[in-house]
Each structure stands twice: as structure tokens, then as C-alpha cells.
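Please read it alongside the coordinates.

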Amino acid sequence: MIAPFSLSALEIDILRAALSHTTSAEEPGLLLGALDGIAQRAVGHRLFTALRYDLAAGTAHRLYSSAPDRYPASGTKLISAAPAMQKMLATGKPLLTPDADAVRINFPDADAIFALNCQSVLNIPVYGRGRLLGQINLLHAANHYTPAHTDFCAGLAVIAATAFL
């Protein structure tokens, strides 16, 4: 039996293979896809995305999406138009948005989030080479995520950094 917040031997093998083939941010999908699967099993999500910041341009580019039809990996967001990203940049800490009211405040694309039947968001910062590179995002039903999920996903973000560099 696998504990709720642990990695199985198969998941470790998948990560090992993904990391051995992810040499730069030019090929993030394999590693981020592996982390998507782990996050789905361990904490659950209806949407998993990864955004890399371009602070000079004031944008965040979507590197990965578990729902590419609605949130394609080629998407770009303006950081200035996204309160949740502004909070992430200001604090450098995870942001737990628990319910629909908070989603409306923090996300300009709240209607698109609600269309996926999601009302909570967990944003986790991704650091590498001494700086904030971007974030991974998990979305689910209202009040789905807890601080324990935040801690586990912060560990996934450490692994994800390779895909952001």
C-alpha cells in the first residue's frame, strides 16, 4: 500500500526517465507530464498547468497543461492582469485559493476555471538557480486543497524546476 503523499517505485522510475531526457526548458512536457500524473494520484486535480515567468516582458508562458484543448501549452498571460501571479511574485510563497469567491478575486479567467467545474486553486512557486522561475498550478473542487497538499506539491515544484531552466 502506498501512503497518500509518497511516490511509488513506478513513479520514481518515470521521474528518473523523464529527468534523464529533460535537459532544458525546450522539452518540458515529459517531466511535467510525469509530475501531473503524480499530483493526480497523490492530491488530485481537475487541471494541472505550469507557467514560466518572463519578468522582463511581464508575462507568464504556459509550458504544460493537462487540458490542452482549454488551456494550451502555448498560452501566455500578463502578470499585471493576474492578481494571483502578482501575489506569488510579491511573496514567493504558495497561494491556496480555496473557493469560488476567492477565485473571482484572484483570477481574471475565473469563468474559464468555473467551466472546468473548478472552484479552488493551488499555486506553487518553482525556484531554480536562486530565483523564482514560475509556478505549477492545480485546480479542483471548492475547498479540496489543504496546507498538507501545499507541502507535498512544493516538493513536486523542486523536481519541476529542471523543466523551467
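1. Basis. This is a predicted model, in which local features need pLDDT of at least 70 and side-chain atom pairs count only at pLDDT 80 or more, while totals for chains, interfaces and linings use all residues. Residues are numbered from 1 along each chain as its sequence is written, and side-chain values use heavy atoms, with hydrogens and water left out.

2. Overall make-up. The chain has 6 helices and 6 strands, where helices (H or I, at least four residues) and strands (E, at least two) are DSSP runs numbered from the N terminus. From the N terminus on, the elements run α-α-β-β-β-α-β-α-α-β-β-α. Of the 165 residues, 48% are buried; buried means under 20% relative accessible area, exposed over 50% and partly exposed in between (1.4 Å probe, protein chains only). Among the contacts (heavy atoms within 4.5 Å) with a separation of 6 or more, 55% are between residues 24 or more positions apart.

3. An open sheet of 6 strands has the order 3-2-1-6-5-4, with antiparallel pairing; two strands pair if DSSP finds at least two bridges between them. Strand 3 (76–78) and strand 4 (95–97) stand at the edges with a single partner strand each, so one side of each has no neighbour in the sheet. On average, neighbouring strands of this sheet are turned by 25 degrees against each other, direction ignored. Axes here are lines fitted to C-alpha atoms, for helices over the stretch in contact, and angles run from 0 to 180 degrees between N-to-C directions.

4. Strand 5 and strand 6 are antiparallel and pair over 9 bridges; N123 has N137 in strand 6 as its bridge partner. Their hairpin has 2 residues between the strands, and R129 in this hairpin takes a positive phi near 50 degrees.

5. Strand 1 and its two partners. Strand 1 is mostly covered, with 6 of its 8 residues buried. Strand 1 pairs with strand 6 in the antiparallel sense over 6 bridges, where L47 stands opposite L139 and R52 opposite G134. Another 6 bridges join strand 1 to strand 2, and these two run antiparallel. Strand 1 and strand 2 form a hairpin with 4 residues between them, and G58 in the turn has a positive phi of about 70 degrees.

6. T59. Is T59 buried or exposed? T59, in strand 2 (residues 59–65), is buried, with a relative accessible area of 15%. D54 stands opposite T59. Beyond neighbours within four places in sequence, T59 is in contact with R52, Y53, D54, T76, K77, L78 and I79.

7. Aromatic pair. Rings of Phe, Tyr and Trp (its six-membered ring) pair if their centres lie within 6.5 Å; planes under 30 degrees apart count as stacked, over 60 as edge-to-face and the rest as tilted. By this rule the count is 1 aromatic pair. F48 and Y64 form an edge-to-face pair, at 5.9 Å centre to centre and 70 degrees between the planes. F48 lies in strand 1 (residues 47–54) and Y64 in strand 2, so the pair ties together parts 16 residues apart in sequence. Both F48 and Y64 are buried.

8. D36. D36 is placed in helix 2 (residues 29–42) and is buried, with a relative accessible area of 10%. Not counting residues up to four places away in sequence, D36 touches H45, F48, Y64 and S66. The side chain of D36 makes a polar contact with the side chain of H45 (2.7 Å). A polar contact is a pair of N or O atoms within 3.5 Å; within protein, one must be able to donate a hydrogen and the other to accept it, and residues adjacent in sequence count only if both atoms are side-chain atoms.
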